Amino acid sequence: MIRRGKGMACMWYPIGFTVAANPSAATVKINTDGTATLLTGTVETGQGALTVLGQIAAETLGISTDDVHVVSADTDSTPMDTGAIASRTTYVTGNAIVRAAEVARQILFEAAAPLLDVKPEQLEARDRKIQVLGFPSKSISIGKVAQHSESVIGRPAIGSASYNPPTVAMDPQTGQGKPFNTYVYATQIAEVEVDDETGEVEVKKIVAVHDCGTPINPMLVEGQIQGGISMGVGFALQEEILFKDGKQINPNLTNYIMPTSLDMPEIEVELVDNYDPTGPFGAKGAGEPTAVPTAAAILNAIHNAVGVRITSLPATAEKVLAAINEQRAGEGKAA
Amino acid sequence: MATTVKDVKKGAKNLTTDKDLTAPAVKPLTLPKDNPVIYPLTLPESEARRQTPAVGQRASRPDGRLHGLGQTKYIDDLTFPHMIFAKVLRSEHAHARIISIDTSEAEAMPGVLATLTGKEIPVNSFGPTLQDQPVLADSVVRHRGDGVAAVAAVTEQIAADALEKIKVEYEVLPAVFDSLEALKDEIKVHPPHSNIYTSKVIKKGDVEKALAASDHVFHRQFRTQMVEHVPLEPHSSVALWDGNGRVTIYTSLGRITLGREDVARTLGMAQSKIRLVGTIVGGNFGGKNEITNEPILALLSKKTGRPVKCTFTRGDEFISSTIRHPFIMDYTSGVNKEGKILARKIRLVLDGGAYCSWTGTTIGKGSILAPGPYNIDNLLVEAYAVYTNKTTTGAMRGFGAPQVCFAYESQMDDIAEKLGMDPLEIRLRNAFSEGSSSPTSQVLQSVAVRESLIQASERFGWKEWTQ
Amino acid sequence: MRPFEYAAPASAKEAVALLAEYGDRARPLAGGTDLIVDLKHAPGKLAMLVDVASIPEFRGIELTDEGLRIGSMVTFGEIMASPVCNELTPEIVSASHTVGAVQTRNLGTIGGNLVTCVPSADSAPSLLVLDAEVTVAGSDGNRRMPIMEFFVGPRKTCLQPHELLVEIFIPKASLGKPSSFRKFGLRKGQALALVNGAGALYLEDGKITQPRIGLGAVAPTPIRAPKAEAHLEGKTPTDELLNEAADIAVTECKPISDFRASAAYRRQLVHTLTYRVLKRSVQIASQR
Amino acid sequence: MLVQLKVNGELRSADVPPETTLLKMLREHLGLTGAKLGCDVGDCGTCTVIVDGQSVNSCLMLAAKASGRDITTIEGLANSADLHPLQKSFEELGALQCGFCGPGMLISAKNLLDKNPEPTVPEIRDALSGNLCRCTGYTKIIEAIQDAGRAMSSAGA
């Protein structure tokens, strides 16, 4: 018989390394046509980091994503970056980019101020223009300002900066301290069907609501969440490296059971409206936390469906059926 | 690449106005009808990529288009003139002393250009926290994934055949596979050091007193398994040693600037003599945050004067790259009648595998996050990471968080069930809010756990949902 | 892969001759979904690979007066696309659908699956319950036998090294016979069977006749469950009866414990599977 | 042995050892690196190409077996005027992340749409079960295939 269940799990997750320094540096060059080049030492590992980092640079400079070309992943030409790890790229590298772009932008403000007959601090960069705050009709295109600064004043618009999240070391005896600068939060809810004659669990649906601060690119955040859930489904139900005498016995994709398209549920994703003043434009991060609560939610849903608490992952069909049988045997004795 | 063509054409005239930016950069080229590799040379960028403000836009990815065209070049797609291929021989034992390694027969094979053993590596150790891992094991193997020798040959098949000709004599040592066994230190993985190579304590309030004062005390042990990242792209790198004594390494590594430090250290070289280049990593999830073959390929390239490539087989990927830490988690929670958690006592044992790798970060995050996103005044978390003679556990998406979340959220439902409360209610009653104090007494800001609980419950229809 | 020679002979006769010439240094190649994998990891040297996948005698699906002939080199994809198979042997189509994924089904052949003779071969149970026969080509010409006799042991068929499987034949009496196939794996996509199985039966005046139960992955070869079948013969298909048959089927299995599942769990699955395929077959039969 | 193939409409040939797989021939002899080597045993689907209208794992097919046949690889999906609708929808919806599964995934999707122009979600899931993806949970990939199917059907109508 198929029995249905629902289960929820919430979580918290930090951005960046535990206390340890994990800096990023960045360089932003504004070209004389108003486009820009961003140099970062991080590596695109599939999450869309370079797109997001380009968006952050673009936002700071008041230009579009497409106006920024991102150069990355070459130790000869790109600056130091701790790398694609610890859900830190948007937050840490992003903060470095904001600061670097601000340095470059300041050069534009200083070049434009005399042309617009105002002080540099009265200027903002928006819609590909340097314009006067509160009086946007007075403006010059960023391209023209950059050209003027570089070719007339002789001051190319370029900026470099770095960022490292401020932390406080943890006390060795009590662990008290400030190991991270910020955290994200999330809740996922799973709906499952359990076949109580085979122990098979089918995850029907996952609703995932995540906080990542400001989503720099909501489409890419959704992608992270959906992908993280697929890892969580595997972690919950199927995946396990098995050993015999220290030798892996299933080191291949035939016998290491990760979810296929047929094993993945319908996924509904929403983001919490949140803003972190310490992040770039209020952003925090999204990579790892997406994989955190899925297994817990699924296991709670299994419990809700058939009343058994599986305490060791993965909750394979065999394990679930054994627990159901044990429960029935217990009920038999009680009766 | 469409952007390159456009940029070149743009450079020809001085673009300073906004209008020019939106104008098509080049006329479409006409290609002969039978042109073999055909893809559109000019395509409009999506609207979202051209919008200001840029933040918040559902901007498509420039690399996304190349992925779809099959034009993205991953490391294994790169070839260089005269390139040869390396393979690594892995240990036959989980724990053994290496008596001798004889590569002579392999070297004599036609097509084999060089071999390498650990003794030839200038500084044969690496690791992000403890440098306890050899690039190629030279005295002791501590798990089956340890490399013991490498071969470079003109084809992958010859390199694979040559591995079978390498004779390694081992003295088998007793091995420990279970983390609780390893905790006893009867069999040591890195003697004379204890197997417990890192630990963490988080203490707040008085947990014993609060447990004694609780209306209900819940205890359970939870366990999680070893899992693999399974990036679809196996690790891959190519090293090119040049005439200036400089080496360029194309690599699937996800952290190249720190990776260069590691490579420089193992090779005993100046960082300025080493260039690491990434393309796009075909899936990382934490598994590509450590150097693997890079120093080996550099030295084989130095020996042969040839570019040397090594791409992991799927088996190598499982056996020799890092994987997720299994946790054994004892959770004891004291709760009052109203469902307020008064105390939580947690003991975590992390199976650290044969080497430290990113265990430091995993035990740190695992311990701090272990109590869950809840206001609990009395806490004790004790966490230990132990060496075992199994695959090295390292960084993986979530660094211990998925493990502890499974435990604390399972226990939250146990508590709710016992008290007859709705799982949503028990969480809302205890969840952090803005300004809450974390287990390490950090004042939390931009907290959104309640919001996520409420929003998810509404979206799911939690209250209305029935079996 | 280590070097070998490759030949694609045009006829069964040529293929058999070539295999006879090379003896155990040659292997016939069908779709390659198993053999190519084996060769990539094989320690020994192979001299000759004889590609038999395109030999005309081994191809094609035909309906004759005697029954349905499926060439051994017909792919699972072709079976799934065949209107005749969908109409007359829907459970062979269902079983084919559970093999690997689209790409492997487009390469893998039903004959290759049977010749590999793994206990979990997904094509076997449905063929067993439809009383299929197979034709084998050797140096002395062709011989035909019931499929039960084809399976000898784990990964061992009755084929001599130079013999080839020509075709599978489903007798007319079995075409359209109410039947059902089920498979339990560790996941839904690309699943290897922990247990697979099929049931087939007719209902005559409300009584079960010609019941068949075929099970895979629970013994050294795919098996029938004759005692359970005998228990069903001539009886009214009550839930109780089907459960009894499932109990008996469990006793006819000798599953092993391995890293995928324990023998005990496999036995429970055999029970559930047997009950479910019988129940479904009865449903189909009652709707006639 | 000399193997001649029709790849993406063009006749290509190479002299390869008999044990060469179609994948190796495409990647190493013909310079078509779109199809990937992910597992080498037919589990992951990154090597998927279409041979005579049927998608196959090119790591499991000998080049010799493909001799004289019509091969479509990811490099043959677009033309000089435009992207294939699948490539468009995959790009617009952000369906690929690391992209390593992409070429195989798109080829499987094309193979599906060629046979079933407007597939349901279960049909899409079924068609992709031989293409593993670790990044996306398959969600946006499925949406992109539905989108492309609709776009192609309305363009064709």
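In chain A, the cover over the buried residues of helix 3 includes strand 2 (24–30), helix 1 (49–61), helix 2 (89–116), strand 5 (123–126), strand 6 (129–132) and strand 7 (135–141). Helices (H or I, at least four residues) and strands (E, at least two) are DSSP runs numbered from the N terminus. Everything here comes from a predicted model, where local features need pLDDT of at least 70 and side-chain atom pairs count only at pLDDT 80 or more, while totals for chains, interfaces and linings use all residues. Residues are numbered from 1 along each chain as its sequence is written, with chains lettered from A and ligands numbered from 1 in the order in which they are written.

Helix 3 itself spans residues 142–153 of chain A, and its buried residues are Ile142(A), Gly143(A), Lys144(A), Val145(A), Ala146(A), Gln147(A) and Ser149(A). Buried here means that 20 or more other C-beta atoms, placed from the backbone, lie within 10 Å of the residue's own. After the helix comes Gly154(A), with a positive phi near 85 degrees.

Chain A also meets chain B: 112 residues of chain A are in contact with 103 residues of chain B, contact being C-beta atoms, placed from the backbone, within 7 Å. On the chain A side, strand 1 (residues 2–14) supplies the largest share, 10 residues.

Over in chain B, 5 strands make an open, mixed sheet in the order 7-15-14-13-8, with pairing taken as at least two DSSP bridges between two strands. Strand 7 (196–204) and strand 8 (216–223) of chain B sit at the edges with a single partner strand each, so one side of each has no neighbour in the sheet. Strand 8 of chain B runs antiparallel to strand 13 (residues 327–335) of chain B over 8 bridges, and Arg223(B) has Ile328(B) in strand 13 as its bridge partner.

Finally, chain D splits into domain 1 (2–76) and domain 2 (85–156), with bounds from an automatic or database domain assignment. Their C-alpha centres lie 21 Å apart, and 13 residues of domain 1 of chain D touch 11 residues of domain 2 of chain D. Strand 3 (residues 48–51) of chain D gives the most to the domain 1 side, with 3 residues.

How values were computed
Two residues are in contact if their C-beta atoms, placed from the backbone, lie within 7 Å. A residue is buried if 20 or more other C-beta atoms lie within 10 Å of its own, exposed if 12 or fewer, and partly exposed in between; C-beta atoms are placed from the backbone.
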